[in-house]
Number of protein chains: 2
Amino acid sequence: MTANSNAPASTPESRQAGDLQNERSQITFSTDDASCVFAGSREARDRNRWLLSLLRDHPDKVFDKDSRPFLGRTERFLRGQKVAQAYYELRNKHGLQKEDRDRLRLLLDEYIPLQVHESMGQPTIESQSSPEQLQEWGPKVSSGRWLVCYAQTELAHGSNLSGLRTTATLDTGSDTWIIDTPEPSAGKCWIGGSGMTTTHAIVMAQMSINNKSFGMHPFLVPMRDPETHKLLPGVFAMDMGPKVGAPAMDNGYITFDHVSIPRQNLMGKFQHVDKDGKYETRNQAAKALTRGAMTLVRVGLIEIAAHHAARATLVATRYSLVRRQGSSKGGAEPQILDYSSVQQRLFTCLSTSWALNFVGQHMRSIYNDLQSALQKGDASLLGTVHGFTSILKACATFQGLDVVETARRSMGGHGYSAASGLTDLERNQPTAGLTYEGDNHMLLCGPAANFLVKTLDSDKRPVRRELDFLFDKPRFDVTKPHEWLDEERQLYLLGSRAAKLVRDLSALRREAKDAATLAYLESALSSRASRAAGSYLILYAFNARLSLLRSASAESIVGIKPAAELLRALEDLRSFYVLEACVLRDVGDFVESGLLEAEQVSWARQTAAHLALRLRKQAIGLAEAADMDDWYLGSPLGHSDGRAYERMIDWMRLEPLNQQGLSGGRDEDGVLKGFRQAMGRLTHGEAQHFNGEAAARDSRL
Amino acid sequence: MTANSNAPASTPESRQAGDLQNERSQITFSTDDASCVFAGSREARDRNRWLLSLLRDHPDKVFDKDSRPFLGRTERFLRGQKVAQAYYELRNKHGLQKEDRDRLRLLLDEYIPLQVHESMGQPTIESQSSPEQLQEWGPKVSSGRWLVCYAQTELAHGSNLSGLRTTATLDTGSDTWIIDTPEPSAGKCWIGGSGMTTTHAIVMAQMSINNKSFGMHPFLVPMRDPETHKLLPGVFAMDMGPKVGAPAMDNGYITFDHVSIPRQNLMGKFQHVDKDGKYETRNQAAKALTRGAMTLVRVGLIEIAAHHAARATLVATRYSLVRRQGSSKGGAEPQILDYSSVQQRLFTCLSTSWALNFVGQHMRSIYNDLQSALQKGDASLLGTVHGFTSILKACATFQGLDVVETARRSMGGHGYSAASGLTDLERNQPTAGLTYEGDNHMLLCGPAANFLVKTLDSDKRPVRRELDFLFDKPRFDVTKPHEWLDEERQLYLLGSRAAKLVRDLSALRREAKDAATLAYLESALSSRASRAAGSYLILYAFNARLSLLRSASAESIVGIKPAAELLRALEDLRSFYVLEACVLRDVGDFVESGLLEAEQVSWARQTAAHLALRLRKQAIGLAEAADMDDWYLGSPLGHSDGRAYERMIDWMRLEPLNQQGLSGGRDEDGVLKGFRQAMGRLTHGEAQHFNGEAAARDSRL
């Protein structure tokens, strides 16, 4: 073989870079503009770039990921400690606020042990401390002298908080709380950062004073010695072992054996216990307002789902353009993205990632509205935001994971290689996102569905226009194929479907007969109704964003004035999302309820086919609008220069099994260490030869 | 905390063992009988147990998996070498035949580097060698002196074999073939066992004699020195690096730099080249028959998909019975399996795993029919078996992975822990199965759909009764809810739907207008038609198996006479599969085509709800019929004794991050190694404090 980077033009590798350039030259809009739209604004796009540069250009290269796919869990964990420390230095140095910090942690591309300190520990200290506590604890927590985990769930209890069994018993004699884990299954479990790292835990425990129970309350419990970092007496904590993703995170299992903490360590903003054991509540009006903060976590999960969906789509789209396969008919083989089956899957990924991105932005702005209102003491939006985020957290994380997996699988055999840059990704946040902050199935069947039924059955008109669909007349009047492209008709259709299912659910819940099967029917219908409402809300947000982009204020808000070609591409994407990811995927809902006839469904399929032809030409621009650079992607196969094959070979060389030396898999001759003692026994004829007699005699024992 | 295994009856852990025992006591059939039915016969069940005992009871414990979840890839690979060697000794010692060997490798629960040697290397040597080659090579290959990989796909070419670029050029002067990799992207890629292990490769290469091309042919190429195991001159091979699953497998990337091999190393059964370069074909009639062997690999994949589906279902079902959560209303909290949403998901898993299991057995028996016919020179079944396996390989692996993931996710937060025993599993065969031996999407759109259309459009009646549905009149006459339970009606419905889609596809393929969108429509319809046919075939097989079980010959074939209660449970399972996994999942197909009205769909939902109530009582028996012991499952959470919480805690202690010593994560004080130098800088106040000024100044850069 002649290893020659100037290989003749006929080799696959020599064609790849040109394939991508060629695609880019054909896009009819500005990818730079599209990236501003995707990020929300030019300002946001540039801010994201600056945040990423803090990591990429770090002088110690501590955030580099080249070797990461080849690390075992222990090494990966130890690397994560350095990443966490360097991250914390950056966030302190630049005085980053919450939104920037959240973004920067996302860009770390690694769950760090400080994740929960940042997302739950510090916010809880700041929002639930008494003024005295805050003065003492606040600076320690924000500087990182104290690292605080949030210890709520137990081994035997997750979602049912009233079932938690850890106790906090007041000992008036010593003026302390005794924190105790009554049995092993009451150990705090999955507590992020607690296994090896955190110095303190906010422990949710059943409060007991003079044999009277006061229910769950938060306590600040020191875990480790500030000087030596050894566990304090009575505290036991360990890492929970390997799991799906998050190798650098020490999710911990913690038990307390009659651990004494000062009485003053009960979080004091909303309650107080004096030294005689007198309990009183405080600031109860403000307490209700803290519920708003909970919904912010879910808004973040929607944004994160969109981010990873866009990332996977970008990688898979590029690779589908540089990978050629199939009948060549004399010329070059076709690009994989020229296959309809790949288009159907990848354009569904592409349109979904934009749709999730826009609904994330929409929810963020509703959340901001909520916060402004709460500042003024108006909590009327709270229930709606809670309902929306219950629906959309579940729908966005389901759809986001689906995109990541579909995109990776579209890459064929090489999609199984970590050189795709997606194998590790999909096992992290996108998979865990289905379960944390509320299991999706439970959310859809419970709070999401309850919110929808309650809104429908209420006398009052809803506070947000997004919910008007529940009260609209069902209608869908596509009488010609091209009307499927009509924005209003699409929205009415999805709204009508969702409203119908919510009405059915409301009616079902009023039925009483045969309660046993009713529960099953209700659970299934709840899930369908909530998902249908999710599709509607996502489309609503997509359209709202398009409206803004078309409006006179686009330039002042987004920082660009989108050209007609970009708007048209986004409209195509929206219509494709409606057709492939909403209507055709759940076509039964529409036909069963009489909203669509067979002919209209057939037109929907034809329209999707037409849109696929148009999207084929713009695909690379719409994917690259996610604006993720190669350092961040860590994907030899999805690299922006298109040199997938050369990069994949270079990448394979990094595998430790190919290395010599102490941590490598080979001896000085390049032979696998230990081969002679294991499989070498076979090749040297030292193994038992095949026992033909046994085979004949023993064909059935 | 008092760690006390005799904890009072009110703790979660004290209830778990009793919960499982209680469930088992309520089953109305014999689980032993059910396990014989699941395995196919009592004989097969007992054979499986014996094979597993060879691993479980190995004196050196080499197959034990306790520490495996905690190993990094390199250690896992080195362990795999020992597993492979010990496996090979066992297979030789007991003279195991192919079916037993395949099963034993499945039970290893680890892809070993000898996988391809066994599944492709040895069979190719045996079926494609000339008599002289076989005499010389056969014994070396079967004893393990030669370890042979099968090198076909290249970095830039997988499915399009005609695009492969490795060359074999005859050099008449030296009487050798020159094997050459013309450019890096033509390196052989994903070649199982080649990275570190195999001594030889069967290399598929473009044969060239006197500048004339003869197309792809197989050559036996020595790779490594038999004495030292070093790579031979001109041969380069390396491990491809981390990927989804298969950590003990060295999928390799191989290049050849003008490597000479004897002319006699062209596999000689079907072609011969003499020393002057004269090419002649041989045994062409027999060559056609080897196509049958290809289908066997796909039959195996169906069986494997069923096996893992059953395994995941077993684990998740047990855990759903010992996990209690929710409103307790005074008594114990409900078991998770009492929630309708969990029932819907897990009973779909349970019924799918049985359905896949039966269709695997059905396909195995058709394959055996094919082999018998081929022995007599009758190849009339070949196309049908090829078509069936194309359809069913794709459907079974899709559904199988879906079951594994659904089951794992049903376990809530703990499903993310490797203590589930499923996190590693789902990333192995179930995920890879979608792509290898034909990417599922390509199979469904290509060979599967082509076979169906060809059968429909043919003048001849098909050779197997399974295909009669294509010619039946569509009908479905459910006029009352309970008729949904009727076996014949179910089968007609699925058959009618599949036939309708195949007819639509046949018609679409005859249309010529607007070819560009036609390709998109055709691809989508092909996939739907093939999947619909797959559902039909699976149901056909399920019914065929039930018929056998009801017949007088059940006892002689299966080894038990199934009691009425067992048959009824299996019928319930079948109906649940039809309703939830076929009809309601794809309800659009049925309603759009006019096969079902809204009222009938509503009855289907009610019927599924009724069935769920009945299955709830039998679930543990139907799941445990998979007959997988705890040693094999490796699942603390799905252990047969139900002590999930205690076992999970014990298991966490094995995590290396919790260990002291050289390979552990902690120092002698139990503190994380290196903590002081990384995050310890934060806790000791050596980090930059939060820069409030920067925060204020710099809120937008």
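User: Is Ser556(A) buried or exposed?

Analyst: This is a predicted model. Ser556(A) sits in helix H17 of chain A, residues 554-558. Its relative accessibility is 65%. The cut-off for exposed is over 50%, so Ser556(A) counts as exposed.

User: How many Å apart in space are Ser556(A) and Arg165(A)?

Analyst: In sequence, 391 residues separate Ser556(A) and Arg165(A). In space, C-alpha to C-alpha, the separation is 54 Å.

User: How many helices and strands does chain A have, and what is its radius of gyration?

Analyst: Chain A has 24 helices and 11 strands. A compact globule of 701 residues would have a radius of gyration near 27 Å. The value for chain A agrees with that: 28 Å.

User: What share of the residues of chain A count as buried?

Analyst: The C-alpha trace of chain A spans about 90 × 80 × 65 Å along its principal axes. Its accessible surface comes to about 25400 Å², and 50% of that belongs to carbon and sulfur atoms. A residue is buried under 20% relative accessible area. Of the 701 residues of chain A, the buried share is 63%.

User: What rotation superposes chain A on chain B, and what kind of axis relates the copies?

Analyst: Chain A is superposed on chain B by a rotation of 180°, with 0.0 Å of shift along the axis and an RMSD of 0.0 Å. The two copies are therefore related as by a two-fold rotation axis.

User: Which residue of chain A has the C-alpha nearest that axis?

Analyst: The nearest C-alpha in chain A lies 1.7 Å from the axis. It belongs to Gly588(A).

User: What percentage of the contact residues of chain A recur in chain B?

Analyst: The same surface serves both copies. The recurring share of contact residues is 99%.

User: Where is Glu437(A), and which residues does it touch?

Analyst: An unreviewed UniProt entry carries the annotation "active site" for Glu437(A). Glu437(A) lies in the loop between helix H13 (429-432) and helix H14 (440-457) of chain A. Its relative accessible area of 33% makes it partly exposed. Not counting residues up to four places away in sequence, Glu437(A) touches Val297(A), Arg298(A), Leu301(A), Lys393(A) and Leu443(A).

User: What are the helix and strand percentages of residues 149-259 of chain A?

Analyst: UniProt, in an unreviewed entry, places the feature "domain: Acyl-CoA oxidase/dehydrogenase middle" at residues 149-259 of chain A. The end C-alpha atoms of residues 149-259 lie 17 Å apart. The span is 0% helix and 44% strand.

User: Which residues are in contact with Leu231(A)?

Analyst: Leu231(A) is in the loop between strand E6 (212-222) and strand E7 (235-239) of chain A. At 29% relative accessibility, Leu231(A) is partly exposed. Leaving aside neighbours within four places in sequence, its contacts are Met223(A), Arg224(A), Phe236(A) and Ala237(A).

User: Is Gln618(B) buried or exposed, and which side chain makes a polar contact with its side chain?

Analyst: Gln618(B) belongs to helix H20 of chain B, residues 598-624. Its relative accessible area is 10%, so Gln618(B) is buried. The side chain of Gln618(B) makes a polar contact, at 2.8 Å, with the side chain of Thr28(B).

User: Which helices do the buried residues of H5(B) pack against?

Analyst: Helix H5 of chain B covers residues 98-108. Its buried residues include Asp100(B), Arg101(B) and Leu104(B). After H5(B) comes Asp109(B), with a positive phi near 65°. The buried residues of H5(B) pack against helices H3, H4, H6, H9 and H21 of chain B.

User: What is the phi of Asn210(A)?

Analyst: Asn210(A) is in the loop between strand E5 (200-209) and E6 of chain A. At 57% relative accessibility, Asn210(A) counts as exposed. Asn210(A) is not a glycine, yet its phi is positive, at about 50°.

Methods: Residues are numbered from 1 along each chain as its sequence is written. Chains are lettered from A and ligands numbered from 1 in the order in which they are written. This is a predicted model: local features need pLDDT of at least 70, side-chain atom pairs count only at pLDDT 80 or more; totals for chains, interfaces and linings use all residues. Side-chain values use heavy atoms; hydrogens and water are left out. Copies are superposed by least squares on the C-alpha atoms of residues with pLDDT of at least 70 in both. Contact means heavy atoms within 4.5 Å. UniProt positions are given in the numbering used here, feature names are shortened, and annotations may be inferred rather than shown by experiment. Helices (H or I, at least four residues) and strands (E, at least two) are DSSP runs, numbered from the N terminus. Buried means under 20% relative accessible area, exposed over 50%, partly exposed in between (1.4 Å probe, protein chains only). A polar contact is a pair of N or O atoms within 3.5 Å; within protein, one must be able to donate a hydrogen and the other to accept it, and residues adjacent in sequence count only if both atoms are side-chain atoms. The radius of gyration is taken over C-alpha atoms; the globule rule is 2.2 Å times the number of residues to the power 0.38. Accessible areas come from the Shrake-Rupley method with a 1.4 Å probe; for residues, only the protein chains shown count as cover.
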